[in-house]
Amino acid sequence: MIDRYLIGNAQTIGRREIQNNIFSTVYNDDGDLLAVLADGAVDHPNGRIAAIVAVGCCVNTFIQKFARAEPTQTNQFLYDTAMKANRNVQDAVFIGKSPRLSLTMTLFRANEMYYFSVGVNKIFLYNGHNEFVLGSDANKSRFEGKCDLSPKDIVGILSTGAYENAHPMERIKIIGSKTQVFDKAQAIIEAVNKRGLEKQLSATALLVEVLR
């Protein structure tokens, strides 16, 4: 059901010349939701193009090919989709070289969320009291998994430029405030902008609130 979730997003280009954070949210016919964020890393047109290609591949594959499956199969679908996106970026942008790209996907099915991430983006779950960063114990650039969701939980995908430059306690205060999820995302980016860092990266906050 498309009324099961609320979505909020915001971003800033920071001190970069090119916005290389690209994101999208999309439902399939079953009411499953995919939220995806790609960070092209380099401050160059190729970084932005790589992120656009990766997000487009993930969205199209999800719409055309995802079918409800067991958890292990869902995680495998996300992995396979990420590898497909990587190949597309290599072929279209970097001519066979490994791209400098962070790619994160979260897939929502009813009261479950599956995730896959490679690179430096962060995923967190806010349960009304605390923020839990998913995959943080792995200490790896790639992580995946599944978690159960309850009403009013908020899942956030943050680029490194957003995660590193909004203090966790400030972020928890924002997420826990009695505002709409779109306003929460805007407030996170406002907090990043207020720091006024000389070398601020592009920053993106993508939030999904569970309604029921």
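This is a predicted model: local features need pLDDT of at least 70, side-chain atom pairs count only at pLDDT 80 or more; totals for chains, interfaces and linings use all residues.

Colleague: Which residue does Ile 154 stand opposite in β10?

Modeller: Ile 154 faces Glu 209 there.

Colleague: And how many bridges link β1 and β10?

Modeller: Eight bridges, and β1 (residues 5-12) also pairs with β10 in the antiparallel sense. In that pairing, Thr 12 stands opposite Ala 203 of β10.

Colleague: Why do you call β10 largely enclosed by the rest of the structure?

Modeller: Strand β10 covers residues 203-210, and eight of its eight residues are buried, so the rest of the structure largely encloses it. Buried here means under 20% relative accessible area.

Colleague: Which residues of β10 point one way and which the other?

Modeller: Ala 203, Ala 205, Leu 207 and Glu 209 point one way, while Thr 204, Leu 206, Val 208 and Val 210 point the other way. All of them are buried, on both sides. As a rule, side chains in a regular strand alternate between the two faces of the sheet.

Colleague: Okay, new topic. Where is Leu 103 found?

Modeller: Leu 103 is in strand β4, which spans residues 102-109.

Colleague: Is Leu 103 buried or exposed?

Modeller: Buried: Leu 103 has a relative accessibility of 3%, and the cut-off for buried is under 20%.

Colleague: What is Leu 103 in contact with, leaving aside its neighbours within four places in sequence?

Modeller: Quite a list, including Val 36, Leu 37, Ala 54, Cys 58, Ala 85, Phe 116 and Asn 121. Take Ala 85: Leu 103 sits 18 residues from Ala 85 along the chain, and their C-alpha atoms are separated by 9.1 Å.

Colleague: Let's zoom out. How many helices and strands does the protein have?

Modeller: Five helices and ten strands. The radius of gyration is 16 Å, close to the 17 Å from the globule rule for 212 residues, so the protein is as compact as a globular protein of that length.

Colleague: What share of the residues is buried?

Modeller: Buried residues are 50% of the 212. As for contacts with a separation of 6 or more, 71% are between residues 24 or more positions apart.

Colleague: Last one: how many positive and negative side chains are there?

Modeller: There are 24 positive and 22 negative ones, and the centres of the two sets lie 3 Å apart.

Definitions and conventions
Residues are numbered from 1 along each chain as its sequence is written. Side-chain values use heavy atoms; hydrogens and water are left out. Helices (H or I, at least four residues) and strands (E, at least two) are DSSP runs, numbered from the N terminus. The radius of gyration is taken over C-alpha atoms; the globule rule is 2.2 Å times the number of residues to the power 0.38. Buried means under 20% relative accessible area, exposed over 50%, partly exposed in between (1.4 Å probe, protein chains only). Contact means heavy atoms within 4.5 Å. Lys and Arg count as positive and Asp and Glu as negative; His and the chain ends are not counted. The place of a charge is taken as NZ of Lys, CZ of Arg, CG of Asp or CD of Glu. Two strands pair if DSSP finds at least two bridges between them.
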